[in-house]
Amino acid sequence: MTLKRHYAQAMERLYVLCVVLSGVALVAITLIIPFGVFMRYVMNNPQSWPEPASVVMMVLFSFVGGAAVYRANVHIAVESLTQAVSPRVRGYMSQIVQLLMALIAIFMIGYGLELCQITWHQSVAEFPGLPVGLVYGPIPLGGALTLLFLIEKVWVGPAPRTSIMFSDEAVEME
């Protein structure tokens, strides 16, 4: 088995992990927010933790899920410009986009790690044992995941149609 194939398989597993983590975070948010509303308005016993817990889950969902969305190529994109140019120019534009994505991922890793270090000794008020730096951890993690998925896209090529990413596509009915 070639190195490219091993890398592609590792990225497939990493993609699934990203989707699972993001899905768990989204389900947690979906359960936590109504609980907080119920406790505040029905039981007249407001809880202090649901809102900050949801923010922590949203940070995880956004950055880890964003990396998965990038790999699956289902992010928001304006394609009218790329459709209006020749295939040769489209290829150059794609290379520029990949370069910009790499720069953004590296920025997220570098400045995200710095943010984590700066805020590590602060704690979330509602969770005294939880460092703020850990809450910001998904920022450099999302950058690293995006960079790994970008390397896959550039080095290995797009994921094959047999990838789990395509398992939920609509099927043509006869």
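A residue is called buried when its relative accessible area is under 20%. By this criterion C116 is buried, because its relative accessible area is 10%. C18 is likewise buried, with a relative accessible area of 2%. These values, like all others in this report, come from a predicted model.

How many disulfides does the structure hold? The structure holds 0 disulfides. A disulfide requires two cysteine sulfur atoms within 2.5 Å. The sulfur of C18 has its closest cysteine sulfur in C116, at 17 Å, and this is too far for a bond.

## Confidence of the prediction

The protein chain has a mean pLDDT of 91, and 97% of its residues reach 70 or more. Among the elements of the chain, the highest mean pLDDT, 96, belongs to helix α6 (residues 138-156). The lowest, 79, belongs to helix α3 (residues 80-83).

## The largest pocket

The largest pocket contains about 880 Å³ of space. Its lining consists of 27 residues. Those nearest the centre of the pocket are N73, H75, V97, Q98 and K153. Two or more lining residues come from each of the elements α2 (50-72), α3, α4 (87-119) and α6. Helix α4 supplies the largest share, with 6 residues.

Which classes of residue make up this lining? There are 14 nonpolar, 8 polar and 5 charged residues in the lining of the largest pocket.

## Aromatic pairs

In the whole structure, a search finds 3 aromatic pairs. One of them is formed by Y7 and W155, whose ring centres are 5.6 Å apart. The angle between their planes is 70°, and the pair is edge-to-face. This pair links distant parts of the chain: Y7 lies in helix α1 (residues 3-42) and W155 in helix α6, 148 residues apart. Y7 is buried, with a relative accessible area of 17%, whereas W155 is partly exposed, at 35%.

F107 and Y111 form a pair that is tilted, because their planes stand at 40°, and planes count as stacked under 30 degrees and as edge-to-face over 60. The ring centres of F107 and Y111 are 4.7 Å apart. Both residues lie in helix α4, with a separation of 4 residues, or about one turn of the helix.

Notes. Residues numbered from 1 in each chain as written. Predicted model: local features only at pLDDT ≥ 70, side-chain atom pairs only at ≥ 80, totals over all residues. Heavy atoms only, no water. pLDDT = per-residue confidence, 0-100. 1 Å grid on protein atoms, 1.4 Å probe; cavity = no way out; pocket = protein on both sides within 12 Å on 5 of 7 lines; lining within 4 Å. Points joined across faces, edges and corners; volume = space filled by probe spheres on them. Nonpolar A, V, L, I, M, F, W, Y, C, P; charged D, E, K, R; others polar. Buried < 20%, exposed > 50% of the residue type's maximum accessible area, 1.4 Å probe, protein only. Phe/Tyr/Trp six-rings, centres within 6.5 Å; stacked < 30°, edge-to-face > 60°.
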